[in-house]
Amino acid sequence: MTPPKREERPIVIRDIERISEMRDVEELQKEVWGMSDRDIVPSTQLVAAKAAGGVLIGAFEGDRMVGFVYGFVGYERGALSVHSHMLAVRPAYQNRQLGYRLKLAQRDRALEQGIARITWTFDPLQSLNAHFNFGKLGVLADEYKVNFYGEETSSFLHRNIGGTDRLWVTWLLDSRRVKERLEHPITEKGLPGEWEALLPLVRVGSDDAPVRSDLAESLARDAVLIEIPAHIRQLQRDRPSLAAEWRQATRWAFTEALAAGYLVQEFYRLAERDRPRGAYLLVAGKTLEDFLEN
Ligand SMILES: CC(C)(COP(=O)(O)OP(=O)(O)OC[C@H]1O[C@@H](n2cnc3c(N)ncnc32)[C@H](O)[C@@H]1OP(=O)(O)O)[C@@H](O)C(=O)NCCC(=O)NCCS
């Protein structure tokens, strides 16, 4: 009998229990982010966080861990939360819905514990993460953190990009928005018709450089877009000064818009072949509480 091809072997999502599996989580952090020993979350911390109510779930092909999600219990805005510190899938296993399945399992576990929100941070210049978080999971964001982890860390995602800025996102686990989004993720490319005429506060110019719009004029409207390039990792590698320009421009745009009371509500991938890019949609006058209804 011929053995099944590697990609056909089932991947099982389950809790990580054993210390040896937590050691595998250490190794996976180094593989996925290229982190130094000093920057990884060590197994002793994973043991303690899990024992205190944290959520630690792995994706396994047989005995081999190919992904994990890790979150610890938090207390935010007067309520318990799970703060999801890390989600990683081995590069050879990415784009096969494993990240998505890990997040669904994390959601189930939090809800079982009576916790209704999961928060995490991500770099808003990473379009894969933006689509994953907003388009597939339905998060919302109302906070922007400048240099959250300092100027740089050993993670290769943090190099050549002008700082470790993060959007702080909230996943309202039991909300109608999230339940509907899990049923109907955003799969198509392009802006929905109602947003097509919006003015981007920052847009991708013809040479891939960021182009800023007039702040007062943009923020006089009910909704605004912030564009990002589709492949920031290429810029980090080949044109680091341009990647840093993108950090400056988007830091300005998010900081100003959030201070003016906008909420980051969606991310759309835009299809144009000559300038592949994405756009965040921010809407004025809404808060997370407006989406709590289930
Ligand atoms: C983020 C990560 C966990 C996602 O895991 P995954 O198993 O590849 O995720 P999925 O297959 O469920 O979904 C990936 C989605 O991004 C899309 N995508 C891929 N490249 C993209 C890009 N450049 N821009 C936008 N979307 C992109 C895929 O098409 C897919 O969406 P779809 O299902 O609508 O087609 C994984 O890429 C990873 O480990 N990255 C490195 C570490 C990291 O960034 N962790 C998260 C932040 S802490």
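Does Lys 189 count as buried, exposed or partly exposed, and how many C-beta neighbours does Lys 189 have inside 10 Å? In this predicted model, Lys 189 counts as partly exposed because it has 13 C-beta neighbours inside 10 Å, a count between the limits of 12 or fewer for exposed residues and 20 or more for buried ones. Lys 189 is placed in the loop that runs between α5 (176-183) and β8 (200-204). When residues up to four places away in sequence are not counted, Lys 189 touches Arg 269, Leu 270 and Ala 271. Lys 189 is also 6.7 Å from Tyr 268, C-alpha to C-alpha, although 79 residues separate the two in sequence.

The protein chain as a whole is described next. The chain contains eight helices and twelve strands. Its radius of gyration is 19 Å, which agrees with the value near 19 Å for a compact globule of 294 residues. The C-alpha trace spans about 60 × 45 × 40 Å along its principal axes. Of the 294 residues, 34% count as buried. Contacts between residues at least 6 apart in sequence were also examined, and 67% of these join residues at least 24 apart.

The buried residues in α3 are Leu 98, Gly 99, Leu 102, Lys 103, Gln 106, Arg 107, Arg 109 and Ala 110. These buried residues are covered by elements that include β1 (12-15), β2 (55-61), β3 (64-76), β4, β5 (117-122) and α4. Just after α3 comes Gly 114, with a positive phi of about 80°.

Another is Arg 77, where phi is near 50°. Arg 77 is in the loop between β3 and β4, and with 10 other C-beta atoms within 10 Å it is therefore exposed.

The largest nonpolar core has 62 residues, and those that touch the most other members are Phe 68, Trp 171, Ile 226, Tyr 280 and Leu 282. Helix α8 (residues 240-259) gives the most to this core, with six residues. With neighbours within four places in sequence left aside, Tyr 280 is in contact with Leu 225, Ile 226, Val 264 and Phe 267.

Helix α8 itself has 20 residues and reaches 28 Å from its first C-alpha to its last, close to the 28 Å expected at 1.5 Å a residue. Within α8, the buried residues are Ala 243, Trp 246, Arg 247, Ala 249, Thr 250, Ala 253, Phe 254 and Ala 257. After α8 comes Gly 261, which has a positive phi near 95°.

Glu 266 lies in β11 (residues 262-270). Glu 266 is buried because 22 other C-beta atoms lie within 10 Å, and 20 or more is the limit for that class. Apart from neighbours within four places in sequence, Glu 266 is in contact with Phe 134 and Leu 281. The C-alpha atoms of Glu 266 and Arg 176 are separated by 15 Å, and the two residues are 90 residues apart along the chain.

Terms used:
Residues numbered from 1 in each chain as written. Predicted model: local features only at pLDDT ≥ 70, side-chain atom pairs only at ≥ 80, totals over all residues. Helix = DSSP H or I, 4+ residues; strand = E, 2+ residues; numbered from the N terminus. Contact = placed C-beta atoms within 7 Å. Core = buried A, V, L, I, M, F, W, Y, C linked by C-beta atoms within 7 Å. Expected span 1.5 Å × (residues − 1). Rg over C-alpha atoms; globule rule 2.2 N^0.38 Å.
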